[in-house]
Amino acid sequence: MDKQNAQMNASHPGTNSPAEYPPQNPPAAFQGPPGHTGYPGPQAAFSGTQTGYPGHLGAYPGTQVGYLGTQTGYSVPPPSYAGAGPVGFLVQHQPMYHHPGGPAGVPWMPAPPPPSDCPPGLEYLSQIDQILIHQQVELLEVLIGFETNNRYEIKNSLGQRIYFAAEDTDCCTRNCCGASRPFTMRILDNMGREVMTLERPLRCTSCCCPCCLQEIEIHAPPGVPIGYVTQNWHPCLPKFTVQNERREDVLKIVGPCLVCSCCADIDFEIKSIDEENVVGKISKQWTGFVREAFTDADNFGIQFPIDLDVKMKAVMLGACFLIDFMFFETSGGKEQRTGVWQ
């Protein structure tokens, strides 16, 4: 055997016998920079856990440390979660949920930390100063004029969905009372939980009766009132008062004398109590001639100070729905103008 090894070494210069591995004097190309003490020897067997990465690279036990919202029960890590980062690293790509009532593919806004004294579910409103409300087109209304429950997507300025709003009114009330109908609007979050309820009672719509005007009540969570929006009688302008849960006046909303426009937005200004300062607005956005003429699917935008109380931001959402039903809702292809400006 020694003779055979010697012959092999002689026929293949530079090779070493098994006893000589690893080579004691590696070639100069592999010796490293000056001061290099050499390369570490063979490492021990891999135990299955790699320091600095959340979870195992072998069998996956089910929970990956550092990832918010990880599901359990995987035998191997999902491809998009594997190697997510060191322990404590929060994955930026949050899971996206889709409510059955809304279109798939629209991302939901990640939930920010809830501020103090914030009703559950309203933390999404704490860090935004603009809300976009898109009403969905109902095919049955377009084709035969049969009034159906309204549904809306509520988004932030980035297009991320915050809530989904669905009207809950019986068929007889919708088609007999039209846009003047009382309604219950349920606001759902990305998990399908009802975080807000809007209640509009049946009120008088005649300009000759200023004693029983329009109103909407906002609850968050359902059953707990956080504010009201009440209509103020005025011979020319649509006016509303925004109140807190104790019925104390907080803000005013003033609309234009003519609540109609072509190829332009219609703004309802949000003002201070004395109506001297404008702090925001509720805008009915122009959506194009075809959509405006043949559907009642309206788009709205709400702007308010980012430091406004989160409850008042939710009340502004209720004010927008009240304005939509009073001035821009259609029934059977005919637009309904309710209130004192019919």
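## Close-up views of a predicted model

**View 1. The largest nonpolar core.** The largest nonpolar core holds 52 residues, and those with the most contacts inside it are Leu-122, Ile-133, Tyr-163, Ile-187, Ile-253, Ile-282 and Phe-321. Helix 5 (residues 310–328) contributes the most to this core, giving 15 residues. A nonpolar core here is a set of buried Ala, Val, Leu, Ile, Met, Phe, Trp, Tyr and Cys residues joined through side-chain atoms within 4.5 Å. Helices (H or I, at least four residues) and strands (E, at least two) are DSSP runs, numbered from the N terminus. This is a predicted model, in which local features need pLDDT of at least 70, side-chain atom pairs count only at pLDDT 80 or more, and totals for chains, interfaces and linings use all residues. Residues are numbered from 1 along each chain as its sequence is written, and side-chain values use heavy atoms, with hydrogens and water left out.

**View 2. The surroundings of Ile-253.** Which residues are in contact with Ile-253, leaving aside its neighbours within four places in sequence? They are Pro-238, Lys-239, Phe-240, Val-242, Phe-268, Glu-269, Ile-270, Ile-282, Met-316, Ala-319 and Ile-323. Contact means heavy atoms within 4.5 Å.

**View 3. A salt bridge between Glu-215 and Arg-203.** The closest N and O atoms of this salt bridge are 3.6 Å apart. Glu-215 lies in strand 6 (residues 215–219) and Arg-203 in the loop between strand 5 (194–200) and strand 6, so the pair ties together parts that are 12 residues apart in sequence. Glu-215 is buried at 11% relative accessibility, while Arg-203 is partly exposed at 26%. Buried means under 20% relative accessible area, exposed over 50%, and partly exposed in between (1.4 Å probe, protein chains only). A salt bridge is a side-chain nitrogen of Lys or Arg within 4 Å of a carboxyl oxygen of Asp or Glu, and the whole structure has 16 of them.

**View 4. Lys-271 and Glu-269.** These two residues form a salt bridge, with 3.6 Å between the closest N and O atoms. Lys-271 is buried, at 15% relative accessibility, and Glu-269 is partly exposed, at 33%. Salt bridges that share partners also join Glu-147, Glu-167, Arg-181 and Glu-329 into one network.

**View 5. Strand 1 and its partners.** Strand 1 (residues 130–135) runs antiparallel to strand 12 (residues 299–303), joined by five bridges. Strand 1 also pairs with strand 2 (residues 151–155) in the antiparallel sense, over four bridges. Two strands pair if DSSP finds at least two bridges between them. Leu-132 stands opposite Gly-301 in strand 12, and its bridge partner in strand 2 is Lys-155.
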